[in-house]
Amino acid sequence: MKPVLGIALRSAWSRRGTLALVLLSVALASFLLLGVERLRSDVRENFSQAVSGTDLIVGARSGPVQLLLYAVFRVGGATNNVRLDSLEAVARHRAVAWMVPLSLGDSHRGFPVLATTPGYFEHFRYGDRQPLQLAEGRAFSGDLPGLYEVVLGAEVARALGYRLGDKLTLSHGGGEMPGAEHADKPFTVAGILQRTGTPVDRTLHISLQAMEAIHLDWVAGVPLPGQRISAEQARAADLQPKQVTAALVGLKNRAAVFAVQREVADFEAEPLMAVLPGVALDELWDVVGAGERALLAVSSLVAVVSLAGLVAVVLAGLNERRRELAVLRAVGAAPRHVLWMLAAEGALVTLLGVAVGAAGVWLAIVAAAPWLQARFGIGLTLSAPDAAQWALMVSVLAAGFLASLVPGWRAYRLSLADGLSPRA
Amino acid sequence: MPPMVDIEGLRYRWRGAAADCLDIERLQLGAGHSVFLHGPSGSGKSTLLGLLAGVLLPSGGRVSLLGQDWSALSGARRDAFRADHVGYVFQQFNLLPYLSVRDNVLLPCRFSSRRRERASAAGGSAADAAEALLEQMGLGAPLWTRPASQLSVGQQQRVAAARALIGQPELVIADEPTSALDAALRDSFMDLLLRQCRAANSTLVFVSHDERLAALFDQSLALPQLNRAAARLAA
């Protein structure tokens, strides 16, 4: 097919205006397909990286996905709190190695606030069982002098420009109610964590006692009228929390995980639930999977439409090219040369389209990654295409080549029928 | 020495047609011979050229070139045989507009290694041969790299002639190549084409209804007289 390849290229170049439009539509389709797939796999990767080394998440009885979402991803809210003494009873189980209570609900300029114990920094693991590490400063001390200390996730510090020693105040709830500020009790930045690529980056960490302290003069989400407890007065109060949102539990031996889970479920004093993060994550993917498949299906349809456009454009141009085909036949080109010439043109346009689409995904990642990281905590990585993305690219290419055989076949028939005297 | 072109008992009927459009008992053309073929429109001139070039196959009888029966060859072999031995000039629109003048002349050398070798046999490359032919056709170096679409009709026909002649094919077929040219251009084109065919010892089959040109050829044939199908239709 060598004799016609150069001719095919120059012929295509002479019609570059039309072909560029087709190329663009193939590029957009590839962009969509690859982008959706990329986002899907990166989001999954991010989610599965968010927690590791935690054997069970314990909370009030709701759904496993809901518990996972708010305890690990700070998405949604708890329907009920749990009593801290219930969790401490769980922690006394002989199979339990550690228990870290979590209390959520407040925020700072859109970033969630997590109240916990210093044990959180010790036991929490993400990714490949990596511990949290401080980029600057130290963890909050958890004692009275360090009551109003806060440890910032990397993204919080970066986005808001906080440094060690800076003061900040927390908002009650998600910050959507104006005036619901804990303005009387400012916190000091004691430490900034290294970036993890998990929701930790977007979280402000304070102690459970601090959470109690800022809510001393609050009831049911509003400040008690006429009652003010200053930051200093609060230190003297009983700051031992009665209730928290959930807890992360690590076991001495993973084999006991189902036994502990069952015992938590049978806990008599209040209704509790324990979920395995991995199992809850799988359940989440089951829910999200339908949406992902729908997105992928729509993208595939777009790809099909764009390839149909390719076929239509090349077919429509064929009538004007009957002269060209007759000239080629006269100088010795066989009908199969004509077939390959048309097929090569379509394949080339598809190839370039896929390449442009892939490059577009690359550029989009570069452009949108900081925003996605800041807004949703989803870290997109500039990595080589994975197997699924290669498979998508190869299928678009194969489909493009097969589709190009349609005009190729038509040209083949035409050049056989026309011979050297096209009736065009 | 066998005739260059040998037609024997040729019958051709277009698919779906009720009657034969060509019925030629015998026609032989020698090597280096130039033949003027004329006849009114629709008398089957282009069909006969298609049969001579092996693009069409006869419904009956035999058309052979260099002693080779076209019908005995597979489709792919026919294409290769045509590329090796036949040069073809159309009435107009002979060139691929997106190729340069020189690349248009070199097209047959892409598909036939025999033509390529014969073109470079004179010394130098096939491109040298193409340039020499263009020069002889009165097309100077500044034109060689121009896109073919920028040439005038007369220039384009001369490029087409150079392309038909490159690599010295045994048979050159010209299908009314002068009908788009004015008198002065036509005369110089005819002169160049005949001279080059003689130089390459190529058999030339030239179709036109401009009978004033007939005197320039070794032989003049009226297709309606040759074609018994036409006689039957007239009767």
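A residue is called buried if 20 or more other C-beta atoms lie within 10 Å of its own, exposed if 12 or fewer do, and partly exposed in between, with C-beta atoms placed from the backbone. This is a predicted model, so local features need pLDDT of at least 70 and side-chain atom pairs count only at pLDDT 80 or more, while totals for chains, interfaces and linings use all residues. Residues are numbered from 1 along each chain as its sequence is written, and chains are lettered from A and ligands numbered from 1 in the order in which they are written.

**Exercise 1.** Work out whether A:Leu104 is buried or exposed, and list what it touches.

*Solution.* Start by finding the residue: A:Leu104 sits in strand E3, residues 96-108 of chain A. Then look for contacts, meaning C-beta atoms, placed from the backbone, within 7 Å. Leaving out residues up to four places away in sequence, A:Leu104 touches A:Tyr70, A:Arg74, A:Pro112, A:Leu114 and A:Thr245.

**Exercise 2.** Find how many residues of helix H3 of chain A are buried, and what covers them.

*Solution.* First, go through residues 64-72: 7 of the 9 are buried, which leaves H3(A) mostly covered. Among the buried ones are A:Leu67, A:Leu68 and A:Tyr70. Now check the cover, which includes strands E1 (56-60), E3, E15 (246-251) and E16 (272-275), plus helix H10 (277-318), of chain A. Finally, step just past the helix: A:Arg74 takes a positive phi of about 55°.

**Exercise 3.** Describe the contact of chain A with chain B.

*Solution.* Count each side: 17 residues come from chain A and 22 residues from chain B. Helices H1 (2-14) and H11 (322-330) of chain A each supply at least two residues of chain A's side. Sort that side by type and you get 8 nonpolar, 5 polar and 4 charged. (Ala, Val, Leu, Ile, Met, Phe, Trp, Tyr, Cys and Pro count as nonpolar, Asp, Glu, Lys and Arg as charged, and the others, Gly among them, as polar.)

**Exercise 4.** Compare the radius of gyration of chain B with that of a compact globule.

*Solution.* The rule, for a radius taken over C-alpha atoms, is 2.2 Å times the number of residues to the power 0.38. For 235 residues that gives a value near 18 Å, and chain B has 18 Å, which agrees.

Key
Helices (H or I, at least four residues) and strands (E, at least two) are DSSP runs, numbered from the N terminus. Two residues are in contact if their C-beta atoms, placed from the backbone, lie within 7 Å.
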